[in-house]
Amino acid sequence: MKNKNIIMICIFALFFSVLSVMCYFKADEEISDSERRVLAQKPELSAERVFSGEYAKEFEVYAADQFPMRDNFRTVKAVFSTKILNKADNNGIYMKEGHISKLEYPENKEMMEYGAKKFTSIYHKFIKNSDADVYLSIVPDKNYFLAEKYGYPSINYENFIDYFESEMNYAVYIDIAQLLEIDDYYRTDSHWKQEKITGIAKYMAEQMGADEIRLEYTVNKLDNPFLGVYAGQSALPCEADEIKYLTNDIIDNAVVTYYDTGMPKEGAMYDMEKAKGKDPYEMFLSGSTPLVTIENPAATTERELVIFRDSFGSSIAPLLSQRYKKTTVVDIRYVQSDYLGAFIKFNNQDVLFLYSTTMLNNSKILR
């Protein structure tokens, strides 16, 4: 027995010695592709920081982020927690009905208030006296379909939506939650699938009074598999999604202009370079862009649409734009809202605030 204990101690000592050597010589990584976040870097060493305890705290985070074979150990831990210990979630991530979802709970009243005030400020400063028709629509996260069913905590969606309807009483609410189902979302990601929301786009356009157009699409599929943000965060083994995108003559002939640097630059509706990148969902309207305009040469009306949106708007904007002469897509996470008047002249447009519950419950990123 004593020899066995000595052998086990030696094995563990050797194992951790090898890992320590690997950690010492391994080049630090700046970003975790699987988790899509910046990793902690080696902290600055000084006597003052050591004695204050600041260095030890930062080094602990750094060592955990830069540990050799970190993703492998994360997977082992996630599988052990959920499959062996039968924990309901792993760090707030859970899998049900083949979908990975992240807990969003509870309602953050401060964030909700901040978001509503930001939108109201934009309304009073730029829109109120412009004869524009204003609309609001909220996209539920995947917990709307899974949390209550499987006993997970979630925000009270009815109260959440009622709050924004009440605070934004200048906007007509377009309820799309009842038109959605869980399989309209990617299994490994938070976003909805473009090919599944054509009916949503049609319904929203009708609610805004846009002209009826019979639309048909060609469904295209990316060759590369898509592992969404929840796949990396969960660290659980999962089957990849596939990204499909819709085209037709109207979408293909639209003139899309990006204002990433403030200067106009024409581009494609679907960015095929980003389709091959770390997050292929960013192919839709080139992902996180502050301002995009879509002009429709085939339009039979002079109507214009302005969409204030988060990332969910990237994939539905091409569909909505077919009903308008011009569509302006604004992401106030990346452009200061006080300066909107320099880029957009509000005058008799349809204005749609389209945001997900996740964004609205974490709205301090809005500028």
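This is a predicted model: local features need pLDDT of at least 70, side-chain atom pairs count only at pLDDT 80 or more; totals for chains, interfaces and linings use all residues.

Me: Which residues of α8 are called buried, and what makes them so?

Reply: In α8 (residues 198-207) they are Ile 200, Ala 201, Met 204 and Ala 205. Buried means under 20% relative accessible area, so each of the four falls below that cut-off. They sit on the same side of α8, because they cover an arc of only 130 degrees around the axis.

Me: What comes after α8?

Reply: Gly 209 follows, with a positive phi near 80 degrees. Then Glu 212 lies in the loop between α8 and β7 (218-221).

Me: What does Glu 212 touch, leaving out residues up to four places away in sequence?

Reply: Lys 202, Glu 206 and Arg 323. To touch, heavy atoms must come within 4.5 Å, so each of these has a heavy atom within that limit of Glu 212. Glu 212 and Arg 323 are 111 residues apart in sequence, yet 7.6 Å apart C-alpha to C-alpha.

Me: How do you know that β11 and β13 pair?

Reply: Pairing takes at least two bridges, and β11 (residues 291-295) and β13 (residues 326-330) have five, so they qualify. The sense is antiparallel, and Thr 293 stands opposite Thr 328 in β13.

Me: And why are β6 and β10 at the edges of the open sheet of eight strands?

Reply: The order is β6-β5-β14-β12-β13-β11-β9-β10. β6 (172-173) and β10 (265-267) each have a single partner strand, so one side of each is left without a neighbour in the sheet.

Methods: Residues are numbered from 1 along each chain as its sequence is written. Side-chain values use heavy atoms; hydrogens and water are left out. Buried means under 20% relative accessible area, exposed over 50%, partly exposed in between (1.4 Å probe, protein chains only). The arc is that of the directions from the helix axis to the C-beta atoms.
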